[in-house]
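Below are my notes, in the order I looked things up.

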Amino acid sequence: AEPNSLRCLPVHPLWQSPLTIPGGTRQSPINIQWRDSVYDPVLKPLKVSYDPTTCLHIWNNGYSFLVEFDDSADRSIIVGGPLENQYRLKQFHFHWGAINEWGSEHTVDSKFYPAELHLVHWNAVVYPTFEEAVMEGDGLAVIGVFLKLGAHHEGLQTLVDALPAIKHKDTIIEFDVFDPSCLLPSCPDYWTYAGSLTTPPLTESVTWIIKKQPIEVDENQLEAFRMLLFTSDGEEEKRMVDNFRPLQPLMDRTVRSSFQ
Ligand SMILES: NS(=O)(=O)c1ccc(S(=O)(=O)NCc2cccs2)s1
Ligand SMILES: [Zn+2]
């Protein structure tokens, strides 16, 4: 008979898939133990150049809300950092908690932040489509930015003002101009490690670039995230909260830092 631990493999209600991927060796998110991260002097500064007019729409996909970009050309890209190629911005989204005590996917020294921003980019130099890049070890690069409770964030407010219009799953509104670099912290320092998507298909295709410095948002802005719904219009309402995946084992990985 299989060991007890396997018999009751937990299936998290949100993801309807096992919490761990059988055979997965580089799953995300992880806890970043600051003192175990290794400074790598070879790491370059990350260069971000986004064209605000590539912004297309904002929509509720039933996991999070995401802002999608026109990625048909190299107009919004990142390069440098741990990356060998330049990567094109596809979308950004957030993960958050029901209360301010938790909500981020990654933790730092086991500390949760109330929310985490993910800017998703794909390697259009090597792969012809995003869908193919999602299946390759060097296919994606995701910048993670922690959100902490503090001052009002002007740039985020533009997004917050659009949320009531996408309250329900599969609702979408046009979003003409938005420059996501206003959501990045001023400090260039980051950690980087080889990981995976944190929602299905959970593929091990992500070079994670986690910014050390959080951005500050205020309570009203976090509350606005929490009034979104997982459910479609007409269904019994389920508030969109706690849409973060549990921590995954580090296994044989080292987290590198761009700073000493
Ligand atoms: N939380 S996270 O940044 O690790 C992400 C999870 C899923 C992401 S995706 O935009 O790549 N969608 C996955 C796919 C769409 C179409 C084919 S696979 S990014
Ligand atoms: Zn994410």
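This is a predicted model: local features need pLDDT of at least 70, side-chain atom pairs count only at pLDDT 80 or more; totals for chains, interfaces and linings use all residues.

**Contacts.** I started with who touches whom along the chain. Counting contacts with a separation of 6 or more, I get 73% from residues 24 or more positions apart.

**Overall build.** I counted the elements next and found four helices and 15 strands. The radius of gyration is 18 Å, close to the 18 Å from the globule rule for 260 residues, so the protein is as compact as a globular protein of that length. Along the principal axes, the C-alpha atoms fill a box of roughly 50 × 45 × 40 Å.

Of the 260 residues, 52% are buried. The accessible surface comes to about 11,800 Å², and carbon and sulfur atoms hold 54% of it. I also looked at the charges: there are 20 positive and 35 negative ones, and their mean positions lie 5 Å apart.

**The largest core.** Which residues touch the most other members of the largest nonpolar core? I noted Ile58, Phe65, Phe92, Phe94, Trp96, Leu159 and Phe225, out of 43 residues in that core. S7 gives the largest share, five residues.

I followed one core member further. Leaving out neighbours within four places in sequence, Leu159 is in contact with Ile58, Val67, Phe92, Phe94, Phe175, Phe178 and Leu183. There is also another core, apart from the largest one, with 21 residues. Its members include Val120, Phe130, Ala133 and Val206.

Is Pro180 buried or exposed? Its relative accessible area is 0%, and anything under 20% counts as buried, so Pro180 is buried. Setting aside residues up to four places away in sequence, I see Pro180 touching Tyr50, Phe69, Leu89, Phe92 and Leu119. I also took a distance from Pro180 to Leu228: they are 48 residues apart in sequence and 21 Å apart in space, C-alpha to C-alpha.

I wrote myself a reminder first: most residues other than glycine have a negative phi, and most peptide bonds are trans. With that in mind, I went looking for exceptions.

- Ser28 and Pro29 are joined by a cis peptide bond, with omega about 0°. Pro29 sits in the loop between helix H1 (4-7) and strand S1 (31-32).
- The bond from Pro200 to Pro201 is cis too, with omega near 10°. I find Pro201 in the loop between strand S12 (190-195) and strand S13 (206-211).
- Ser110 is not a glycine, yet its phi is positive, about 65°. It lies in the loop between strand S8 (107-108) and S9, and its relative accessible area of 53% makes Ser110 exposed.
- Asp242 is not a glycine either, and its phi is positive at about 55°. Its place is the loop between H4 and strand S15 (256-257). At 26% relative accessibility, Asp242 counts as partly exposed.

Technical notes
Residues are numbered from 1 along each chain as its sequence is written. Chains are lettered from A and ligands numbered from 1 in the order in which they are written. Side-chain values use heavy atoms; hydrogens and water are left out. Helices (H or I, at least four residues) and strands (E, at least two) are DSSP runs, numbered from the N terminus. The radius of gyration is taken over C-alpha atoms; the globule rule is 2.2 Å times the number of residues to the power 0.38. Buried means under 20% relative accessible area, exposed over 50%, partly exposed in between (1.4 Å probe, protein chains only). Contact means heavy atoms within 4.5 Å. Accessible areas come from the Shrake-Rupley method with a 1.4 Å probe; for residues, only the protein chains shown count as cover. Lys and Arg count as positive and Asp and Glu as negative; His and the chain ends are not counted. The place of a charge is taken as NZ of Lys, CZ of Arg, CG of Asp or CD of Glu. A nonpolar core is a set of buried Ala, Val, Leu, Ile, Met, Phe, Trp, Tyr and Cys residues joined through side-chain atoms within 4.5 Å.
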